[in-house]
Amino acid sequence: MKQAIELTTEAQFSWAIAPSEQKAPFQENTLVSPEQLTSVNKEDRWKLGLITSADTPIDSVGELVKDVPVVAINFHAFTDGRGFTLARLLRERLDFTGKIIATGQFLPDQVHYFARCGFSGFVLPDQESVDTSRTSLNAFSEAYQISWDRPEPLFRRM
Amino acid sequence: MIIAKPDAQTKTTMYTYSEIDQRIVDERVEQYRDQTRRYLSGDLSEEAFLPLRLQNGLYVQRHAPMLRVAIPYGLLSSQQLRKLSYISRFYDKGYAHFTTRQNIQFNWPKLEQVPDILAELASVQMHAIQTSGNCIRNTTTDPFAGVQEGETADPRPWCEIIRQWSTLHPEFAYLPRKFKIAVTGNSETDRAAVQFHDIGLQLRKNEQGKTGFKVFVGGGLGRTPVIGTVINEFLPWQHLLTYLDAILRVYNQYGRRDNKYKARIKILVKAMGIDTFKAHVEQEWLFLQDGPATLTTKEVDRVTSHFSAPDYSQLPEESETLNRSLASNKGFANWYKRNVSSHKVKGYAAVVVTLKNTGVAPGDITATQMDHIAQLADRYSFGILRITHEQNMVLTDVRKDDLFQLWQELESQSLATPNAGLLTDVICCPGGDFCNLANAKSIPVASAIQQKFEDLDYLHDLGDLSLNISGCMNACAHHHIGNIGILGVDKKGEEFYQIMIGGSAGHDASLGKILGRSISRAEVPDAVSRLLAVYLEQRLENEPFLATYRRIGLTPFKERVYETGH
């Protein structure tokens, strides 16, 4: 299921990121690490989001993502392509229907591929990056492969 | 150009773009045009521009940028070759270079003109997408695919299916390292070196006569040469893309990213062990198998229909004209012996046009030669050409009756050197003359060897012998799989060369063994000469160099090369 893509600047981003040393309880609309989320009561988790790095193995967060409406995947380097797989597995294997947001070091020019893999939100450093990302999102009108936005390959749609 | 519609009844002998294929390539050009503009205006940093230009084929080299253009599985039309010729004249210095991966490189394009070059390419259904960068590269195959005996199935449609699947694959554009796939359809002779690729696919039929693939994984050259391991003995064709997705996904998640010299899939397969690696792939595949990416008969038929056989004439097997010319012209007979090979259709032959003239960088071709070959392809071979990983070209469908005339025309353009597969058919990277990475020059070594071994009778007597020269351990010229391999190394700022022997790229894949200490450039031709002397003394009747080496071992060769007092 395709979601509307949200592009925001860091200044406009409505979620806070909990410092790593902070302990529960957390305020509503805070992104917390897997360890922090584990320490929160299950019934309180719906107010929070999970933030995890692009190199996180899917199995280590598989249970946690069931309780949150937002997963933020944070990139330490734009070259770390594991985040693409992580997003697809969240969507296609775990049927995660909440928001998947990219944060950290990624390039506006990568946003097209990210969106195809299941990301639905991007936090960017400034308005210029937001504009570039919008261009990137609309760069291609078709694609060969299956992905989250196109569950069937081109050859089955022709 | 006239673009055949997918539903048109026009017969084609190579894949022609659908409206959507064309649109994707056109959109890519516009995307890159915008990225280049932002880079030149300072809006895009060097670091951010790097992966974007690489994935469009643009390196920044020693003297100038270098643009690598994909020739999908080495197949090219005369019209496309004319466009490449035009690009080399208009945007470059009037020549280009064929690589060992069936691609073509322009050595002197201007960075700001690259978007225009890409637009020119798109106008003839070509592109430079993913010819560099840590992504899935151009798929390669047997340059004689479809025309020679011994083929289980034609690999070209499968290569095109893989091309489409890999093009702008959203999940695998930022892999730990580059990723290369090769396909062969020939169970007797592997001319695609599939066991030296990240994934190698060998088409085969099972006992029920069904088509599938033997899948090799984790082969490669470079710093750590490894022969691929079989991960699947028989993968039914329907599952090709889901299985590739599964392998790539395991690699993308587990491949090392902390050290680029340990980032290729071969290192991962070695580290995990093939059984664990396979278990990961199988587990991943469970989720993908039989899913929507499973190939359909309709799609395979659609792609296959693009590779129809050309309109061959009914000809007798023997050609009187050919036999007469062979008897009367020694030069033609020499060329015929080395550069012409058999064809599955009676009265036809395949012709190798070697780009290995002494004094010219192996694989280099001038714009004039390109135009000339394009014309010859139109006149003699249905307008289609192939590029080989030995950096030569092939006209695959020539009438035997026309061979003499074709040879004369090639001669007039210095394109008829009768050395296909011989010692002087050197496989060579651009080396220290052009490349940033090189430790040593490679082209002058190739030239020195070609000069020393000019005597054709001697070369023909030596027979099949591959010689590969790489200017550094990245091994672009595949020195590990040359019967004789030469590697440029740097010793305290000086260029030295390591010699190895016994490599083979075929189904009997093997890696060359290093003889001993490295030697200076001046000593290389003499060392090669000594290796050949040992071979000529020791060979049994009709025994090629590789077989002699395998029979007698490294020692006699080693002793002769390092013997003093000669």
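Author: Two strands pair if DSSP finds at least two bridges between them; strands (E, at least two residues) and helices (H or I, at least four) are DSSP runs, numbered from the N terminus. This is a predicted model, where local features need pLDDT of at least 70 and side-chain atom pairs pLDDT 80 or more, while totals for chains, interfaces and linings use all residues. Residues are numbered from 1 along each chain as its sequence is written, chains are lettered from A and ligands numbered from 1 in the order written, and side-chain values use heavy atoms, leaving out hydrogens and water.

Reader: Okay, chain A then. What makes strand S5 and strand S6 of chain A a pair?

Author: Six bridges join S5(A), residues 70-75, to S6(A), residues 99-104, in the parallel sense. That meets the bridge rule, so they pair. If you want a place to look, A:Ala72 stands opposite A:Ile101 in S6(A).

Reader: Now the rings. How many aromatic pairs does a search of the whole structure find?

Author: There are 31 of them over all chains. One of them is B:Trp158 with B:Trp237.

Reader: Why is that pair called tilted?

Author: Rings of Phe, Tyr and Trp (its six-membered ring) pair with centres within 6.5 Å, and planes under 30 degrees apart are stacked, over 60 edge-to-face, the rest tilted. B:Trp158 and B:Trp237 sit 6.1 Å centre to centre with 50 degrees between the planes, so the pair is tilted. The two also come from distant parts of the chain, 79 residues apart: B:Trp158 is in helix H5 (residues 156-166) of chain B, and B:Trp237 is in the loop between strand S10 (229-236) and helix H6 (240-254) of chain B.

Reader: What makes B:Trp158 buried?

Author: Buried means under 20% relative accessible area, exposed means over 50%, and partly exposed is in between (1.4 Å probe, protein chains only). B:Trp158 has 7%, so it is buried. B:Trp237, at 15%, also counts as buried.

Reader: Why is the pair of B:Tyr312 and B:Phe382 called edge-to-face?

Author: Their ring centres are 5.8 Å apart and their planes stand at 85 degrees, so edge-to-face is the label. In sequence the pair ties together parts that are 70 residues apart: B:Tyr312 belongs to the loop between helix H9 (297-304) and helix H10 (320-328) of chain B, and B:Phe382 to the loop between helix H12 (367-380) and strand S14 (384-387) of chain B.

Reader: Which residues form the one aromatic cluster?

Author: A:Phe75, A:Phe84, A:Phe106, A:Phe114, A:Phe119, A:Phe122 and B:Tyr174.

Reader: Let's get into chain B's interior. How do you know that B:Ile117 is buried?

Author: Its relative accessible area is 1%, so it clears the cut-off for buried. B:Ile117 is in helix H4 (residues 114-122) of chain B. Leaving aside neighbours within four places in sequence, it has contact (heavy atoms within 4.5 Å) with B:Leu67, B:Ile87, B:Tyr91 and B:Pro109. B:Leu406, by comparison, is 289 residues away in sequence and 32 Å away in space, C-alpha to C-alpha.

Reader: What makes B:Thr140 buried?

Author: A relative accessible area of 6%, so again it falls under the limit. B:Thr140 is in strand S6 (residues 140-141) of chain B.

Author: In H2(B), residues 46-54, the buried ones are B:Ala48, B:Phe49, B:Pro51, B:Leu52, B:Arg53 and B:Leu54. They pack against helix H1 (19-40) and strand S1 (58-60) of chain B.

Reader: How many helices and strands does chain B have?

Author: Its secondary structure comes to 18 helices and 21 strands. Of its 566 residues, 63% count as buried. Among contacts between residues at least 6 apart in sequence, 68% join residues at least 24 apart.
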